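Colleague: I would like to go through this model with you, one question at a time. Please show it first.

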2 protein chains.
Amino acid sequence: MQLAEAKAQFIADWGRFGTNWGINRTMAQIHALLLVSPDPLSADEVMEGLAISRGNANMNLRELMDWGLVQKVLIPGERKEFFSAEKDIWKVARQIIKERKKRELDQMIPVLKELSEVEGDKKDKAVKTFTDTINNIRKFSEQADKTLDTMIKADEHWFLGSLVKLFAGKN
Amino acid sequence: MQLAEAKAQFIADWGRFGTNWGINRTMAQIHALLLVSPDPLSADEVMEGLAISRGNANMNLRELMDWGLVQKVLIPGERKEFFSAEKDIWKVARQIIKERKKRELDQMIPVLKELSEVEGDKKDKAVKTFTDTINNIRKFSEQADKTLDTMIKADEHWFLGSLVKLFAGKN
DNA sequence: AAAATCTTTCAGTAATTTTTGAAAGTTCGA
DNA sequence: TCGAACTTTCAAAAATTACTGAAAGATTTT
């Protein structure tokens, strides 16, 4: 396969993949484009590369920056802004975990606490099922919270080393 | 908060949460409804509970069964089919991991292998960046594949026990 | 300080995804 | 084997989400 074809393929696949995880297709495609680009790209190059409008490119680049996956790069002598993506996929994964945790898990935990305090007779089957389920989710979430914090803090070496060995050794 | 209100809240939250992860809102809401229901529900009760159509209920219940999160339950003497959800959230998480792995990671690995074999001069910066990035993603995916397999196989005790302790100890 | 170059915004439009509901299909009991 | 009870399907409609492009806003150069 030629490079251009392979790039197009990868961009399409990454876009499809993102869609499954609640990320908009274009955002994932821009990410893919930057991931395989040797140099930072300008907004115009992104527009050109994916055949999208200026507004769309701008909005999704901003979103990628909000996620901490893409950065603005200033090139000396150039008026334009350029964009580049972190290419180390372990760092990318850690960053995504960090953001999702912040946006979702950290929001959900107080809500679960509130829900677990529902009024009613605890001998009532309906009440018991509800509180049991909520508490089960709550414990899970709190554990996930701690675990993910550790993963976020962990450096790559530990991540690749200890964790992997732990799991591998259990096989 | 009263039970009915708390249930409604939880259903809405779980639906919103699902949406962020590429799961359709109704599917997540049906899941939530069944999670907090003490007894299995009929299709009519699901329709009624969420104010959705028969077609919608049917389609999303089937999807939940495909994901292995919901099961048909036959109640003696009843003509209707009833549905119930696994309530142990650790089991739910494991099932979701298992399915997503099958549907996505296992699909992606061969594609990455193919892409990593792109033709071209390896001294060409564009080619090198592409193959390096793809190989990085490939290694990550293969590691994730192994790790997730172990997690899927792990029994709950180990999951709650060793892993939790491991991470907790690192804090 | 005007012009040129580049970035951001957002109302309207387009594309995609989800839902409905009626018809077709199935199963079961009499 | 008929009919009632229930389930499934799917084309059309609705709802949601994403995109465009032109205008407004910035910033830099001349």
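The questions below go through the sheets, a helix pair, the chain contact and the DNA surfaces.

Colleague: How are residues, chains and ligands numbered or lettered, and what pLDDT do local features need?

Modeller: Residues count from 1 along each chain as its sequence is written, while chains are lettered from A and ligands numbered from 1 in the order in which they are written. This is a predicted model, in which side-chain atom pairs count only at pLDDT 80 or more, totals for chains, interfaces and linings use all residues, and local features need pLDDT of at least 70.

Colleague: In which order do the three strands of the open sheet in chain A stand?

Modeller: Helices (H or I, at least four residues) and strands (E, at least two) are DSSP runs, numbered from the N terminus. Two strands pair if DSSP finds at least two bridges between them. In chain A, β1 (41-42) and β2 (70-74) are the edge strands, each pairing on one side only. The pairing is antiparallel and the order is β1-β3-β2.

Colleague: How many bridges join β2(A) to β3(A)?

Modeller: β3(A) covers residues 81-85 and runs antiparallel to β2(A). V70(A) stands opposite A85(A) in that pairing. The number of bridges joining β2(A) to β3(A) is five.

Colleague: Which residue of β3(A) is the bridge partner of S42(A)?

Modeller: β1(A) and β3(A) run antiparallel and are joined by two bridges. Strands of a sheet pair through backbone hydrogen bonds, either parallel or antiparallel. The partner of S42(A) in β3(A) is F82(A).

Colleague: Which residue in the turn between β2(A) and β3(A) has a positive phi?

Modeller: β2(A) and β3(A) form a hairpin, with six residues between them. The residue in the turn has a phi of about 85°, and it is G77(A).

Colleague: Are α5(A) and α6(A) roughly parallel or antiparallel?

Modeller: The axes of α5 (residues 89-116) and α6 (residues 125-153) of chain A come within 9 Å and cross at roughly 150°. Angles under 35 degrees count as roughly parallel, over 145 as roughly antiparallel, 65 to 115 as roughly perpendicular and the rest as oblique. The crossing angle therefore makes α5(A) and α6(A) roughly antiparallel.

Colleague: Which helix gives the most to the side of chain B that touches chain A?

Modeller: 49 residues of chain B are in contact with 49 residues of chain A. α1 (3-20), α5 (89-116), α6 (125-153) and α7 (156-170) of chain B each supply at least two residues of that side. The helix that gives the most, with 14 residues, is α6(B).

Colleague: Which element provides the largest share of the surface near DNA strand C?

Modeller: A residue is near a strand if its C-beta atom, placed from the backbone, lies within 6 Å of it. 17 residues surround DNA strand C, and among the closest are G55(A), E81(A) and N56(B). The largest share, four residues, comes from α4(A).

Colleague: Which element gives the most to the surface near DNA strand D?

Modeller: Of the 18 residues around DNA strand D, those that come nearest include N24(A), S53(A) and G55(B). α2 (25-35) and α4 of chain A, together with α4 of chain B, each supply at least two residues. The element that gives the most, with four residues, is α4(B).

Note on methods. Axes are lines fitted to C-alpha atoms, for helices over the stretch in contact, and angles run from 0 to 180 degrees between N-to-C directions. Two residues are in contact if their C-beta atoms, placed from the backbone, lie within 7 Å.
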